[in-house]
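The following explanation leads through selected residues of a structure and their surroundings. Please keep the sequence and the model in view while reading.

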Amino acid sequence: MSVLLEMAMFPTDQGESKGEYVAQVIDLIRQSGHTYQLTSMGTIIETEEIGQALKLVEECYKVLESNGCNRVYSTLTFDIRKGHDNRLKSKIQSIEKHIGEVSK
């Protein structure tokens, strides 16, 4: 099974710039061992089970909570597909077969 999670998470009560807090979330994702791709508007993470993705979301929230964030905004989008893996890369490769290299 492949679970693709596109997630954005940041505090709304910590001023205008959020980079310091988002960096802590991305560091946790990086340390999780799951394949991920950082974009300017969110992060796409691939796990093998939905429970792993949900656990990671909770851990990301806890990072912000432990750093004094009292209000956190998050968007989550899932694409869950049985019988497949490595879709974070293969979905892009599928498009590139049709139109050539794309920005990553």
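Leaving aside neighbours within four places in sequence, Thr43 is in contact (heavy atoms within 4.5 Å) with Leu5, Glu6, Met7, Ile26, Ile29, Tyr36, Gln37 and Leu38. Thr43 belongs to strand 3, residues 43–47; strands (E, at least two residues) and helices (H or I, at least four) are DSSP runs numbered from the N terminus. Thr43 counts as buried because its relative accessibility is 4%, where buried means under 20% relative accessible area, exposed over 50% and partly exposed in between, with a 1.4 Å probe and protein chains only.

This is a predicted model, in which local features need pLDDT of at least 70, side-chain atom pairs count only at pLDDT 80 or more, and totals for chains, interfaces and linings use all residues. Residues are numbered from 1 along each chain as its sequence is written, and side-chain values use heavy atoms, with hydrogens and water left out.

The structure holds one aromatic pair. Phe10 and Tyr73 form this pair, which is tilted, at 5.4 Å centre to centre and 40° between the planes. Rings of Phe, Tyr and Trp (its six-membered ring) pair if their centres lie within 6.5 Å; planes under 30 degrees apart count as stacked, over 60 as edge-to-face and the rest as tilted. The pair links distant parts of the chain, with Phe10 in strand 1 (residues 2–11) and Tyr73 in strand 4 (residues 72–81), 63 residues apart. Phe10 is partly exposed at 26% relative accessibility, and Tyr73 is partly exposed at 43%.

Glu65 lies in helix 2, residues 50–66, and is partly exposed, with a relative accessible area of 43%. Glu65 and Pro11 are 54 residues apart in sequence, and their C-alpha atoms are 8.9 Å apart in space.
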